[in-house]
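Me: I am new to this structure and would like a quick tour. Could we go through it by question and reply?

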Amino acid sequence: MRKIHSYFILLLLMLCSVSVLAQTVADGYYRIRVGATPDFAWENAGKVVIRTNAANPETGAAGDLSEMWHIQAKSTGGYSITNVATGKEVIAPSANDIPHSTGTTGSTFYIKAPDNDASLRVISPQSSFSGQTCWHKDARGNVVRWSSDAANSQWRFIPITDEAELAIIRNAAPIRLAAEFLGTRKVFSIKNQNGLYLSQGKKMAFTPCCRSNSIPVVLNPETNSNFTEQLAGTSCTYR
């Protein structure tokens, strides 16, 4: 009886260990950095590339959505990796010298700790992590694919916990909404729940500027002229 009891305890511990190992990254928002370097993955013109931030090697560029990634576990296994600035998912390349790209429907990625450092992660569209399939920073500053044991194929996931940055993330959807509306006849301003207008300076952001300086947002002519769009606490009103 004692042997059977010990067996079940051992089995329970093994199952718990498998469960913990399977959840290598919790769902959430992250910056993704190459190991201990100041090199961060970011989205630029539909490609996943590297930006070096020596001034802020631990935190990256404050408030820059293109450097932020939404990691979500899939019910079928693996993860989606979505850029916060564009709302587009990462797509694995078909050859080693091609950068990862972003698009509407992305690849499923698997994430695990390498054998040499439990604080780092390798990322691959293959659950076996075999071959030259893992995220890798190349000499040109692109995120391409290569073998998992290379130093530049091992990444650190830095959780975004700052409340100011999380507020910027929550406003990302209205920013994309504005971009989609640009170019038609009826012009609007976008104002969020804090009374700040979406404005164009060095980059799009919500500021307390006057409405005349806010980004023009348009509406399809067939839509009701008294239109008010409510999206994540954001309203579109006539300018």
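Me: In which helix does Glu165 lie?
Reply: This is a predicted model. Glu165 belongs to the helix that spans residues 163-170. That helix is α2.

Me: Is Glu165 buried or exposed?
Reply: Buried means under 20% relative accessible area. The relative accessibility of Glu165 is 11%. Glu165 therefore counts as buried.

Me: Which residues does Glu165 touch, not counting those up to four places away in sequence?
Reply: Contact means heavy atoms within 4.5 Å. With residues up to four places away in sequence not counted, the partners of Glu165 are Arg31, Ala61, Ala62, Gly63, Met68 and Ile160.

Me: How wide is the arc that the buried residues of α2 cover around the axis?
Reply: The buried residues of α2 are Glu165, Leu166 and Ile169. They sit on the same side of α2, because the arc they cover around the axis is only 100 degrees. On the other side of α2, Glu163 and Arg170 are exposed. The arc asked for is 100 degrees.

Me: Which residue caps the N-terminal end of α2?
Reply: Look at the backbone nitrogen of Ala164. A side-chain oxygen lies 3.1 Å from that nitrogen. The oxygen belongs to the capping residue, Asp162.

Me: How many helices and strands are there in the chain?
Reply: Buried residues make up 41% of the 239 residues in the chain. As for its elements, the chain has 3 helices and 18 strands.

Me: Which element gives the most to the largest nonpolar core?
Reply: The largest nonpolar core has 19 residues, and Ile32, Ile71, Ile81, Ile123, Trp135 and Trp155 have the most contacts inside it. Two or more residues come from each of β1 (28-34), β3 (47-52), β4 (69-73), β5 (79-83) and β12 (155-159). With 3 residues, the element that gives the most to this core is β1.

Me: How many residues are in the other core, which includes Leu65 and Val84?
Reply: This core lies apart from the largest one. Among its residues are Leu65, Val84, Ile160 and Ala172. The number of residues in it is 7.

Me: In which strand is Asn83 found, and what is its relative accessibility?
Reply: Asn83 is found in strand β5. Asn83 counts as buried because its relative accessibility is 0%.

Me: Which backbone atoms does the side chain of Asn83 reach?
Reply: One is the backbone oxygen of Ser66, at 2.9 Å. The other distance is 3.3 Å, to the backbone nitrogen of Thr86. The atoms asked for are the oxygen of Ser66 and the nitrogen of Thr86.

Me: What is the phi of Phe129, and is Phe129 buried or exposed?
Reply: Most residues other than glycine have a negative phi. Phe129 has a positive phi, near 60 degrees. Phe129 lies in the loop between β9 (122-124) and β10 (134-137). At 11% relative accessibility, Phe129 is buried.

Me: Where does Ala45 lie, and what is its relative accessibility?
Reply: Ala45 also has a positive phi, near 55 degrees. Ala45 lies in the loop between β2 (39-44) and β3. Ala45 counts as exposed, since its relative accessibility is 72%.

Me: How far apart in sequence are the parts that the pair of Tyr30 and Phe157 ties together?
Reply: There are 3 aromatic pairs. Tyr30 and Phe157 form an edge-to-face pair, 5.7 Å centre to centre with 80 degrees between the planes. Tyr30 lies in strand β1 and Phe157 in strand β12, so the parts tied together are 127 residues apart in sequence.

Me: Which residue joins Phe109 and Trp135 in one aromatic cluster?
Reply: Phe109 and Trp135 form an edge-to-face pair, with 5.9 Å between centres and 90 degrees between planes. Phe109 lies in the loop between β7 (101-103) and β8 (110-112) and Trp135 in strand β10, so this pair ties together parts 26 residues apart in sequence. Both Phe109 and Trp135 are buried. The cluster also contains Trp155.

Note on methods
Residues numbered from 1 in each chain as written. Predicted model: local features only at pLDDT ≥ 70, side-chain atom pairs only at ≥ 80, totals over all residues. Heavy atoms only, no water. Helix = DSSP H or I, 4+ residues; strand = E, 2+ residues; numbered from the N terminus. Buried < 20%, exposed > 50% of the residue type's maximum accessible area, 1.4 Å probe, protein only. Arc of directions from axis to C-beta. Polar contact = N/O pair within 3.5 Å; in protein donor to acceptor, adjacent residues only side chain to side chain. Core = buried A, V, L, I, M, F, W, Y, C linked by side-chain atoms within 4.5 Å. Phe/Tyr/Trp six-rings, centres within 6.5 Å; stacked < 30°, edge-to-face > 60°.
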